[in-house]
Amino acid sequence: MEQKKLKTFREKLLQKKNEILVAYNKNKTYGKEADEEGAQDIADKASNSYTKEFLFSLSNSERDMLQLVDEALHRIDGRRFGSCVVCEGEIERKRLDAVPWAKHCISCQEKQEQGLL
Ligand SMILES: [Zn+2]
């Protein structure tokens, strides 16, 4: 995949990650306005390694989503982004545009949903 496209996906992924962290921060500081600086701070801290407490306090869906987003970011760094993790086939571009953290091509995704993977 071209660098420019990869960069766009990386930005989308980082944005998604930030959304999760900001939403988390808002829940956490309920009643207080979560300012942008605070959210940025969390994103910075969380970008390298998550603390156990931090991960523990996230809901399952938030944690799963963060993991998917992180894995996708690692695939970008490892130049494996855009390939299905199961069959190594190319993930459909439209699918990546809609779901940049997708790690399966459509046919593998369907198999997984049917419990065949
Ligand atoms: Zn596949």
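Residues are numbered from 1 along each chain as its sequence is written, and side-chain values use heavy atoms, leaving out hydrogens and water. Because the model is predicted, local features need pLDDT of at least 70 and side-chain atom pairs count only at pLDDT 80 or more, while totals for chains, interfaces and linings use all residues.

**Overall make-up**

The protein chain has six helices and zero strands, in the order α-α-α-α-α-α along the sequence. Helices (H or I, at least four residues) and strands (E, at least two) are DSSP runs, numbered from the N terminus. Of the 117 residues, 31% are buried; buried means under 20% relative accessible area, exposed over 50% and partly exposed in between, with a 1.4 Å probe and protein chains only. The chain exposes about 8,200 Å², and carbon and sulfur atoms supply 49% of that area, as given by the Shrake-Rupley method with a 1.4 Å probe. Among contacts with a separation of 6 or more, 52% join residues 24 or more positions apart. Contact means heavy atoms within 4.5 Å.

**Helix 1 against helix 4**

Helix 1 (residues 3–28) packs with helix 4 (residues 60–77) at an angle of about 155°, and their axes are 10 Å apart. Therefore helix 1 is roughly antiparallel to helix 4, a term for angles over 145 degrees. Axes are lines fitted to C-alpha atoms, for helices over the stretch in contact, and angles run from 0 to 180 degrees between N-to-C directions. The residues that meet include Leu6, Phe9, Leu13 and Tyr24 in helix 1 and Met65, Leu66, Val69 and Ile76 in helix 4. By class, the residues of this contact divide into 13 nonpolar, one polar and six charged. Here Ala, Val, Leu, Ile, Met, Phe, Trp, Tyr, Cys and Pro count as nonpolar, Asp, Glu, Lys and Arg as charged, and the others, Gly among them, as polar.

**Loop residues**

Histidine 104 lies in the loop between helix 5 (93–98) and helix 6 (106–113). Histidine 104 is buried, with a relative accessible area of 6%. Leaving aside residues up to four places away in sequence, histidine 104 touches Cys84, Val85, Val86, Ile91, Arg95, Gln109 and Gln112.

Arginine 79 and glutamate 88 are both in the loop between helix 4 and helix 5.

Methods: Angles under 35 degrees count as roughly parallel, over 145 as roughly antiparallel, 65 to 115 as roughly perpendicular and the rest as oblique.
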